[in-house]
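Hello,

Here is the structure I promised to pass on. Please open it first; my notes follow below.

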Amino acid sequence: MKNLISERVADFIKNYPPFNVLDEKSLYLLAEQVLIIYKEKNSIVFSVDENPHSHFYLVHKGAVTLTNTTTNNIIDFCDEGDIFGLRPLIANENYKLEAKTHEECILYGIPIEVFRPIAKQNEEVSVFLMESFASNTRNPYSKNQKGQLYGVEIDNDKNKEVNIPDLQLANYSKKLVSCSTRTTIQKAAELMTENHIGSILVVSKGLPVGIITDKDLRSKVISGNHPITATVKTIMTSPVITYPKKLTITQAQMAMMKSNISHLVITEDGTVNSKALGIMSKHDVMVSLGDNPAVLVKAIKRTQKVKQIKQLRKSVMLLLRGYLEQNIPLGLIAKIISELNDTCIKQVVELSLAKMKEEPPVKFAWLTLGSQGRSEQLLHTDQDNALVFENVPETELPKTTSYFLGLSKRITKGLNTIGYEYCPADMMASNPKWCLSLQEWNNKLSYWISNPGPNEVLMSSIFFDYSLAYGERDLLDQMSDHIFRTVEKYPIFLVHIANGALQSPSPTGFFRQFLVEQDGQHKDFFDLKSRALRPLIDAARVLILSHSIKGISNTWERYEKLAELEPNNQELYMACSYATKALLKFRTRQGLLHHDSGRFIELEQLTKEEKMKLKRTFKAIKGIQELITLRFKVANILG
């Protein structure tokens, strides 16, 4: 007789790592022994220094926080499908963190004694568990641990150039041609010629034992040292150097340098004791390096024409896709892709300046606005930008403005050429309204802040998410100082911008059902940007502005800073940081899948787990909007 409970458990856990790689027999064996645990909100699952449990845990419903009680910092946030409490399985030590339910939860207790032998038989499971235990790669709250699994650190000083690490996997040839140890050298050479390959794998009993390359044929056969009638065993390089398929470019380069070889054999488990999957050559590594971020930066800076940048931006998208497939933390992905996008913009500005007949009459700064200004523009979207130049005497203003408008038109045209669509609302520096002197910008900003009508709030909301793409940072700093001085003078502006942050439509209706578009081109689609991302972005902006914090335009970094400034609201702010990254990653995946902006989602195409993950972020939206309503007393003043 079937055990329906076990079947339901198996049906759930098979969707999440590391259980998703288990065979059906192991999966159901495990599911039969899983302990189902109900916990009320704010219940302790385990405490610091508590003896190890006989289970580790998987969240089925709800959410759990892991906290360092010494510093009172939340270290991790686990929701549906996430595992925690691995210390008894990996280290057999008392717990170092406190696990507490963030809300009402149903947990699956995975019995360690049943799971351990299953994990030992499956290397992919073991690697996943060790990585999860040794590094917080899924950790939505950590600012210091991003990318530690890959041994890199990201410089958070935005005034410095990001040191872009190598995280991508190296490509290898899956077109595997092999022969036995008894094959003659002549036959092996014929096989290589027929298949247009530079190496052939030598196997024995289905396992790799050697390799022959073009170099071997030249140095050992053509030289006369061995006859072509001899067997390949006499000239093959043995033993072969093997690696698993998840091999980064840097690892491949180091392996080849260390062993002074030009080919690596990729096998199922990375050893000579398993079947070969392919061969990686130095050529494969060099091809992979073409999409390496550091190499791309250099290639972009060497371009002489804007159209050349367009081709390189395609490589940026391939890089983005690869990073998402590797599940690299979004904060790290955003820094790398934004740095590459900024490099493209800088080069377009440089090439545009070179085409101008005269040098710029005064210093200037090119600003990126909106999602690029927040370092959140991962997919190709339209351009939002502005230009500010040094103040000049009134008599020189028309001539100076004319020069920078001409430059701006060249730049916006170049950006359009490389893939940035023109802004439908014409919020670009090629528009005279967005190409101004520092004094003109300060006057405009003062007007927006002191006369906060709906249009002024909209304009300022777009403009306040800015970053320097090219030119003089001092001009940007002067504008920022002016903004904060003026906001302090007109505090009512914060109420109006807070009200604007509450205008985005709700993501869900009754019984947490998704609210979809009712008509138009995207009827029955879910608007991820307006209903989920925009409320979080708008709330972070008004809150960071209220604290007069400049230099932080990225949404999740704003929330992380707010968590430092307001420890009593730390939990909410960190949940908002996590939700923003989760939603942006989801939008990016959808955009790459459907070759669009990822904004409108067809819900029928999502799995149940994907829908659950989306809904999990909506609680943070509701919480932050409630905080804004109370803090700025929006309903009382504007209602």
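Start with Glu566. This is a predicted model, and in it Glu566 is buried, at 6% relative accessibility. Its salt-bridge partner is Arg631, with the closest N and O atoms 2.7 Å apart. Arg631 is partly exposed, at 33%. Arg631 sits in helix α22 (residues 608-631) and Glu566 in the loop between α20 (555-565) and α21 (570-594), so the pair ties together parts 65 residues apart in sequence.

There are 15 salt bridges in the whole structure. Some share partners: Arg374, Glu376, Asp465, Asp538, Arg541 and Arg558 form one network. Within it, look at Arg541 and Asp465, whose closest N and O atoms are 2.6 Å apart. Arg541 is in helix α19, and Asp465 is in the loop between α16 (454-463) and β18 (466-471). Both count as buried: Arg541 at 6%, Asp465 at 0%.

Next, the cores. The largest nonpolar core has 70 residues. Leu367, Trp434, Trp441 and Phe463 are among those with the most contacts inside it. Helix α19 (residues 528-546) gives the most to this core, 11 residues. A second, separate core has 52 residues, including Leu332 and Leu584.

Last, the strands. Strand β7 (residues 98-101) runs antiparallel to β2 (residues 44-46), joined by two bridges. Ile44 has Lys100 as its bridge partner there. Strand β7 also pairs with β4 (residues 63-68), again antiparallel, over four bridges. In that pairing, Thr67 stands opposite Glu98.

Best wishes

How values were computed:
Residues numbered from 1 in each chain as written. Predicted model: local features only at pLDDT ≥ 70, side-chain atom pairs only at ≥ 80, totals over all residues. Heavy atoms only, no water. Core = buried A, V, L, I, M, F, W, Y, C linked by side-chain atoms within 4.5 Å. Buried < 20%, exposed > 50% of the residue type's maximum accessible area, 1.4 Å probe, protein only. Pairing = 2+ DSSP bridges. Salt bridge = Lys/Arg side-chain N within 4 Å of Asp/Glu carboxyl O.
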